[in-house]
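The following account leads the reader through a protein structure, beginning with a contact between chains and then turning to the parts of one chain. Please keep the sequence and the model in view while reading.

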Protein chains: 2
Amino acid sequence: MANSKKISIAVIRRLPRYYRYLADLLRMDITRISSKELSQRMGITASQIRQDLNCFGGFGQQGYGYNVEVLYKEIGKILGVVNNRFHFIIIGAGNMGQALANYENFEKRGFQLVGIFDINPQLIGKKIRNVEIMHMDQLDEFVKNNKVDIAVLTVPYKNIPEVAEKVASLGIKGLWNFSAMDLKLPYDDIIIENVHLSDSLMVLGYRLKESQKKKKKKEGTNDSGNTNNESNTNN
Amino acid sequence: MANSKKISIAVIRRLPRYYRYLADLLRMDITRISSKELSQRMGITASQIRQDLNCFGGFGQQGYGYNVEVLYKEIGKILGVVNNRFHFIIIGAGNMGQALANYENFEKRGFQLVGIFDINPQLIGKKIRNVEIMHMDQLDEFVKNNKVDIAVLTVPYKNIPEVAEKVASLGIKGLWNFSAMDLKLPYDDIIIENVHLSDSLMVLGYRLKESQKKKKKKEGTNDSGNTNNESNTNN
DNA sequence: TTTTATAATTTAATAGTTTTTACAATTTGA
DNA sequence: TCAAATTGTAAAAACTATTAAATTATAAAA
């Protein structure tokens with residue numbers, strides 16, 4: 001059943017969004033949904049939904065639609081968060097690190113925070129959502145004794161190369177990098193997602209400017225155009 | 001010079017990344033760069049760089065490359081951060097709100113924090129990077145007396161519809177939404193960027209799982225494959 | 001129970017978009 | 001002056017999204 005053709009990353013990047021919408025539907029006790037209705041809720045085309053979901057095998061039923069619970073679980077499996085919780089640590093307990101540590105959604109999506117590390121003595125010992133902040137000196141031992149799949153890097157710019165090297169040497173294979181520097185490492189089994197919040201803000205600025213430019217023009221010519229004013233980006 | 005053909009959003013979303021790399025080059029006193037060298041630094045193809053930049057007119061020079069400073073300024077203009085600083089406020093001074101308020105990169109990229117709002121009395125009056133946290137009751141007056149282009153929404157899930165409605169009614173045209181709910185508003189001149197950090201984490205999880213699956217398979221068959229292990233996403 | 005109209009998926013084909021290739025044209029620097 | 005370097009851009013290739021036809025399930029009516 002599962003189609004063996006390679007799934008494009010474009011499809012993959014949409015899956016978490018489906019997963020969120022399906023979680024919402026579950027919460028509302030909606031048990032079945034058609035691609036058409038989901039498309040209206042999500043603001044994408046029904047055909048895209050069907051095409052996307054069909055990459056992984058036919059979860060739907062003709063004449064019926066999709067069973068919300070089944071679909072939710074299947075997407076969870078594809079994303080690897082069913083039968084396989086990811087354990088992650090946060091390195092750098094500054095503002096962003098603490099904000100992420102407090103983010104309860106990660107747990108709902110299959111990611112469990114198991115440790116927080118910093119070098120600031122004032123922070124060591126403090127607990128966030130029942131996870132203690134430890135000193136970086138304890139990192140080696142912690143990683144040896146605990147399953148750690150992902151390290152979230154929220155350390156200052158100047159420290160990122162050193163910390164990344166350290167984490168890589170300990171065998172952690174997933175890096176979620178929030179530092180302002182794009183992170184590259186010469187190991188091809190380490191997966192890195194670089195997050196640049198300011199990039200998203202700049203895109204917002206651009207769209208805002210374009211929208212206002214268009215508006216001014218329209219006030220002159222008085223024509224109407226289709227505007228697509230909201231967008232979702234990953235991270 | 002400026003090409004009037006519509007620029008695709010795919011190109012726009014790459015511009016902030018170019019902008020960052022060019023800022024790095026400036027910092028290193030590198031005055032000229034070829035698409036080839038930039039492509040090696042950024043890990044994308046040189047042709048894509050040339051194609052992207054050419055959407056906005058020929059900034060480069062055959063046989064020479066691009067002047068870093070000129071290119072940096074031109075991209076800044078396109079993104080609207082030259083001659084037009086964006087002013088933003090943060091609504092919700094919890095962990096994420098404070099983390100963003102402390103993010104000094106926004107200012108470097110043309111975005112100036114002018115106010116922070118919350119309803120928690122314990123936070124009111126506190127200053128972050130010289131910007132005072134004000135009570136939500138003061139929002140109306142503040143927006144009337146100050147230029148506010150963008151509101152960053154870092155409020156809890158349950159408050160987001162109300163806050164978004166409020167902000168829209170005050171005439172703020174750009175919303176950068178960090179709440180777990182996709183925000184949609186029935187005004188087509190309001191631009192929204194929804195940020196879902198957990199989506200990015202889930203993609204990391206997927207890529208990690210696939211990488212390890214592939215690795216196991218490879219250990220059996222002993223073939224080699226091209227791996228592209230790092231990725232950048234907006235927001 | 002059977003029939004029929006409707007709803008909805010699956011999937012192949014088409015259309016559209018984005019990226020890469022390839023090369024003419026231009027500039028640099030010896 | 002000439003070889004090397006490099007852009008700009010048209011065309012090809014690759015990728016992504018939409019359309020539409022075939023198929024299957026549901027639900028209401030006979």
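A salt bridge joins Asp182(B) to Arg17(A), with 2.9 Å between the closest N and O atoms. This pair crosses between chains: Asp182(B) lies in the loop between strand S9 (174-177) and strand S10 (191-196) of chain B, whereas Arg17(A) belongs to helix H1 of chain A. The model is a predicted one. Side chains of opposite charge can pair when their charged atoms come close. Over all chains, the count of salt bridges comes to 34.

The contact between the two chains may be considered next. Chain A brings 78 residues into contact with 78 residues of chain B. The size of an interface is often given as the accessible area lost when the parts come together. Between chain A and chain B, the buried area is about 7,200 Å², and carbon and sulfur atoms give 58% of this area. Eight salt bridges are counted between chain A and chain B. Another salt bridge links Glu193(B) to Arg207(A), where the closest N and O atoms are 3.3 Å apart. Polar contacts between chain A and chain B number 28 residue pairs, with both residues at pLDDT 80 or more. Which element gives the most to the side of chain A that touches chain B? That element is helix H9 (residues 197-221) of chain A, with 16 residues. By class, the side of chain A that touches chain B comprises 37 nonpolar, 21 polar and 20 charged residues.

Within chain A, the assignment gives two domains, with domain 1 covering 9-79 and domain 2 covering 86-197. A distance of 31 Å separates the C-alpha centres of domain 1 and domain 2 of chain A. Contact between these domains of chain A involves five residues of domain 1 and four residues of domain 2. The area buried between domain 1 and domain 2 of chain A is about 310 Å², with carbon and sulfur atoms giving 41%. Of the area that domain 1 of chain A buries against domain 2 of chain A, 70% is supplied by Arg13(A), Tyr19(A) and Arg20(A), more than by any other three residues.

How many salt bridges are counted between domain 1 of chain A and domain 2 of chain A? The count is one. In a salt bridge, the side chain of Arg13(A) meets that of Glu193(A) at 3.2 Å, N to O. One residue pair in polar contact is also counted between domain 1 and domain 2 of chain A, both residues being at pLDDT 80 or more. On the side of domain 1 of chain A that touches domain 2 of chain A, helix H1 (9-27) and helix H4 (68-79) of chain A are the elements that give two or more residues. H1(A) gives the most to this side, with three residues. The classes on this side of domain 1 of chain A are three nonpolar, no polar and two charged residues.

Three strands of chain A form an open sheet in the order S1-S3-S2, with antiparallel pairing. Strand S1 (32-33) and strand S2 (60-61) of chain A stand at the edges, each with a single partner strand, so one side of each has no neighbour in the sheet. Ile33(A) is placed opposite Tyr66(A) of S3(A).

Key: Residues numbered from 1 in each chain as written. Chains lettered and ligands numbered in written order. Heavy atoms only, no water. Domains from an automatic or database assignment. Contact = heavy atoms within 4.5 Å. Buried area = accessible area lost by both parts, 1.4 Å probe. Salt bridge = Lys/Arg side-chain N within 4 Å of Asp/Glu carboxyl O. Polar contact = N/O pair within 3.5 Å; in protein donor to acceptor, adjacent residues only side chain to side chain. Helix = DSSP H or I, 4+ residues; strand = E, 2+ residues; numbered from the N terminus. Nonpolar A, V, L, I, M, F, W, Y, C, P; charged D, E, K, R; others polar. Pairing = 2+ DSSP bridges.
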